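Here are my notes on the model you sent over.

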Amino acid sequence: MSHGPRSGLYAVSSALLAMSRHLEVRDVLKTIVASARELLDAQYAALGVPDDHGGFAQFVVDGISDAQWKAIGPLPRQHGILAAMLREARPERLADVREDPRFEGWPAAHPDMSDFLGLPIRDGDEIIGALFLANKMRPEGAPPCSRPEDRCGFTEDDEELLTILAQHAAIALTNARLYERSRELTIAEERSRLAHELHDAVSQKLFSLRLTAQAAATLVDRDPSRAKGELQHVAALAAEATEELRAAVVELRPAALDEDGLVATLRTQIQVLDRAHSACVTFSSHGVRALPASQEEAVLRVSQEALHNALRHSGAARVDVTLDRRGPGAVLHVRDDGGGFDPTAIRSAGRHLGLVSMRDRASGVGGTLTVESAPGKGTVIEMEVPGG
């Protein structure tokens, strides 16, 4: 049922609270778009976050099904009315977007739109997004629009309400970005600290091992019993070093895995990669249960290595990551549409792409790893783990 933009303070307050409730940028974007469409009774809503290359780093829609969105194709570029909104930083309210001289058309699968309302989202002097709505819906029982003077499109009141929403959206989006950056910095600082501690501890143990082994070597002929004692000391030092390394590995397990679980950690990292690279990077997951810690760690590391290969070496325009339940365990797929490679030359390619270490990680937790690729055909990496 349509409520209209003036349905009351409660609806507006609920929308603003929903925006401030989320900490992940993608969740904030989705909430802003859904709230705007519902509050202003629009058929379609979208929010684009511009990049520095004439496109959009992120583009979130509401009112369009996943199948429709897939059929539309690549993200829009900053042209026409979208570009004007971002460049001139002013609202755009149009009775029919198709009749505007700046309109440059849309893909064949794009839904037909007429009346249009768009606003830039600003953080101070910086434009951090563009929020726009299309196809104002008539309230139930209202007569259809038959004359231009009926003004079925968005009103001045709608523009005022969307302006308020955009101002709060800027705050929510900025806070979410700051949260993600602070979290990344915290993780980086923690890893740096652990790396220094690990280096110091292992260096000391290896130095002691070397001295003790040298002492044992000099005693082998003239004092075998003392040499035996020194070798026992070597064994003890090696055991201590092994335990320290083991403890360090446990400490180095990404904190987000313990706090958020594998699915949320993967989603967050892939969202960051999607913003940082020109390629479209997506993630989906279905029915995955919590896995033993060692398996979650292995799945995360393999996905990171596979994503690194796809984004740095393959020239892919799109990388899709899926994590689905399979029996008591899970299966990871990382698919890219990049240049691919010849699996028969796996010895040289495997070392270059880290496939050897990925297979080791998979087998180390009782899992399997398979690679499908061909020149010009992209690559699919599949990892399956058994669960607990």
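**Notes on charges and cores**

1. Let's start with the charged pairs: the structure, which is a predicted model, holds 14 salt bridges. As a general point, side chains of opposite charge can pair when their charged atoms come close.

2. Take R301 and E297, whose side chains form a salt bridge with N to O at 2.8 Å. Both sit in helix α9, and because they are 4 residues apart there, about one helical turn separates them. R301 counts as buried at 19% relative accessibility, and E297 is buried too, at 15%. The cut-off for buried is under 20%, so R301 falls on the buried side at 19%.

3. R318 and D320 make another salt bridge, 3.0 Å from N to O. Here R318 is partly exposed, with 39% relative accessibility, and D320 is partly exposed as well, at 21%.

4. There is also a network to look at: R87, E88, R90, E92, D100 and R102 are joined by salt bridges that share partners. Within it, the side chains of R102 and D100 meet at 2.9 Å, N to O. R102 counts as partly exposed at 24% relative accessibility, whereas D100, at 12%, counts as buried.

5. What does the side chain of D115 contact, given that D115 is buried yet has no salt bridge? You'll find D115 in the loop between β3 (92–94) and β4 (116–123). The nearest side chain of opposite charge is R98, 7.2 Å away. The D115 side chain does make a polar contact with the side chain of S114, at 2.8 Å. A polar atom of the D115 side chain also lies 2.6 Å from the backbone nitrogen of K136.

6. Now the nonpolar side. The largest nonpolar core has 33 residues, and L262, V319, L323, L332, L369 and M383 touch the most other members. Elements giving two or more residues to this core include α8 (262–276), β7 (318–326) and β10 (379–385). The largest share, 8 residues, comes from α9. Apart from this core lies another of 32 residues, with M19, L161, L165 and L173 among them.

7. V319 is worth a click. Beyond its neighbours within four places in sequence, its contacts include C280, V281, L307, A310, L311 and V334.

8. Finally, the overall numbers. The protein has 11 helices and 10 strands, and 39% of its 388 residues count as buried. Among contacts between residues at least 6 apart in sequence, 62% join residues at least 24 apart. The accessible surface comes to about 21200 Å², and 54% of that belongs to carbon and sulfur atoms.

Notes
Residues are numbered from 1 along each chain as its sequence is written. This is a predicted model: local features need pLDDT of at least 70, side-chain atom pairs count only at pLDDT 80 or more; totals for chains, interfaces and linings use all residues. Side-chain values use heavy atoms; hydrogens and water are left out. A nonpolar core is a set of buried Ala, Val, Leu, Ile, Met, Phe, Trp, Tyr and Cys residues joined through side-chain atoms within 4.5 Å. Buried means under 20% relative accessible area, exposed over 50%, partly exposed in between (1.4 Å probe, protein chains only). Contact means heavy atoms within 4.5 Å. Accessible areas come from the Shrake-Rupley method with a 1.4 Å probe; for residues, only the protein chains shown count as cover. Lys and Arg count as positive and Asp and Glu as negative; His and the chain ends are not counted. A salt bridge is a side-chain nitrogen of Lys or Arg within 4 Å of a carboxyl oxygen of Asp or Glu. A polar contact is a pair of N or O atoms within 3.5 Å; within protein, one must be able to donate a hydrogen and the other to accept it, and residues adjacent in sequence count only if both atoms are side-chain atoms.
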